[in-house]
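Hello,

Here is the structure I promised to hand over. Please open it first, then read the notes below.

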Amino acid sequence: MQFHHHGYVSGDPRVQPPAGVGLDRPEELPGEVDVLIVGSGPAGMIAAAQLAQFPNVVTRVVERRPGRLEVGQADGIQARSVETFQAFGFAGRITEEAYRITEMAFWKPDPENPKNIVRAARAPDDPTGISEFPHLIVNQARVLDYFAEAARNAPARLVPDYGYEFVGLEVSEGAERPVAVTLRSTSGADEGAERTVRAKYVIGCDGARSKVRESIGRELAGDRANHAWGVMDVLAETDFPDIRTKCAIQSHDGGSILHIPREGNHLFRMYVDLGEISEEDHGSVRSTTQEEVEARANRILHPYTLTVKHVAWRSVYEVGHRLTDKFDDVPEDLVGARTPRVFITGDACHTHSAKAGQGMNVSMQDGWNIAWKIGHVLDGRADEALLDTYSAERRVIAQDLIDFDRKWSSLMAAKPEELDDPSELEDFYVKTAEFPAGLMTQYQPSMITGSDAHQERATGFPVGKRFKSNAVTRVCDGNPVHLGHHHRADGRWRIYAFADRPRAGEPSKATDFAEWIAGSPESPVVARTPEDRDIDAWFDVKVIYQQDHTGVDLGSVPRAYLPKVGPYELVDYEKVYAADPADDIFEARGIDRDGAIVVVRPDHYVATVLPLRATGELAAFFAGVFTP
């Protein structure tokens, strides 16, 4: 964490200095804003935390509840999400309070006595080490608290406006703020009163029954699996031995349970199979009582018993897989001809079962994806064409998720004897670990994702996939660090220069690249960075040398990799790294020993891989992203 470069900081360094709209932020919701976020769920709050890093953008979040969420429904936090938390500055703190999943136990009918269940297998949660970040369980409310803190501590000092319900909107192109949003007060002296807020853009994060989605004419289309589940967060007395281990439990004739321990040691969640429901059910299964769910759970757990002492939260739901045709308000035939003004995220545009633990995780990536793009457009960095990439990128991911969830849900609901192989469930869990961890997302070529023409230069950083971090050594102090963990959610693009074989100070491609990136009028850093901002305000350029840190002389490192920042023009020494001899990043990530450039988007995804001498291609890439 860096601070002091604007002067001595004696307080909490996570609180950034206010700037722009954060200097005199009005408490009351104004009548005109740049971005209006509807809903303070995971997608809404990550979007708020990201946009709060753009201090000249007026962003407000409206929420119909009178205050913060106290009991959330989602709880599974995949590795990609924890990686995202790192970018927003709270991965360590939330990990400390969360339950960490390290393995999963699979229980099946005892072959000798099928009425009883026995543990049949254990599977590691991350068998191949796909991420250095853990798989966590923590209440959704706490996730929202941390994002709220990040937004509140950011330069724009963003906090939600509680007590406002979305009623409808109208878009009138030509106006400076073309979206007129009608809101209704849900509490206080003005309860029931309506008002209009005009915005340049609206982000709908208001759930599966989204009124924002309805207002732009989008519909969730798909199917139901005609299978119901009862879910409960409970404190209970039980003799089931794996009560503090994640479990998939399949009984002979009572159905299945997905069991998930919760944070805090005593609480746990159970998804209890309530069986098939008829087409004529019309939702009546949702009236299933808690006593019925507990009775079904005990039948599945036999010979073990479960006595519930306290219910923190419960629900009954039917598995459904639904998706909208597009995630913004522009018809397909008008893409490129009309600017999208209204966007939908999370459950507003895709729904699926909760058992794969993807709802909150995918929603957060939706929110981050659209937020940094809107920030770029409103900050004057990028053309509005950038906004077309949101729906194009995220709808494909949602469809992949629904396809995965159909398979996982069907396996969880199947009786053991119905499976082709007795170990099919646990085999699927292990083989597909990378997908639910959130690490298989790969964006297709676009204005912000290049081709893989030079992929051989860094095979471990596939273009379009998230930047997979690796250990390196920070040269200035010899500290071992993870390179990707310094990629904060500050809206900047990262340009990693992986040096060729010569040492710092010797003639090399890395030295030539440094001279170009710092001095050429074609360089994106020179051509795009505003004159009144630090040289690294929009682009974070780092170098990684092949030698260990003792072989890198900081005095010989080109100035491009040691920029002066802040009002006192202090050198930033934390942009020069060396390969860790125990875990060489060049070897681990397949980086060509002749060097490479790896460009990473503000949301961690690899945008392009190039040779060190491909400065023309680098300039052309950013010319397609940034405005002149």
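In what order do the three strands of the open sheet come? The order is β3-β7-β4, with antiparallel pairing. Keep in mind that this is a predicted model. The edges of the sheet are β3 (76-77) and β4 (99-101), each of which pairs on one side only. β4 and β7 (residues 135-137) are joined by three bridges. One detail there: Y99 has I137 of β7 as its bridge partner.

Next, the nonpolar cores. The largest has 120 residues. Within this core, F147, W493, F513 and Y561 touch the most other members. A separate core has 26 residues, including V231, Y317, L411 and L425.

F513 deserves a look. Leaving aside residues up to four places away in sequence, F513 touches I495, A497, Y561, I597, L612, T615 and L618.

Last, the annotation. An unreviewed UniProt entry lists residues 441-627 as "domain: Phenol hydroxylase-like C-terminal dimerisation". That span is 16% helix and 21% strand, and its end C-alpha atoms lie 27 Å apart.

Best wishes

Key: Residues are numbered from 1 along each chain as its sequence is written. This is a predicted model: local features need pLDDT of at least 70, side-chain atom pairs count only at pLDDT 80 or more; totals for chains, interfaces and linings use all residues. Side-chain values use heavy atoms; hydrogens and water are left out. UniProt positions are given in the numbering used here, feature names are shortened, and annotations may be inferred rather than shown by experiment. Helices (H or I, at least four residues) and strands (E, at least two) are DSSP runs, numbered from the N terminus. A nonpolar core is a set of buried Ala, Val, Leu, Ile, Met, Phe, Trp, Tyr and Cys residues joined through side-chain atoms within 4.5 Å. Buried means under 20% relative accessible area, exposed over 50%, partly exposed in between (1.4 Å probe, protein chains only). Contact means heavy atoms within 4.5 Å. Two strands pair if DSSP finds at least two bridges between them.
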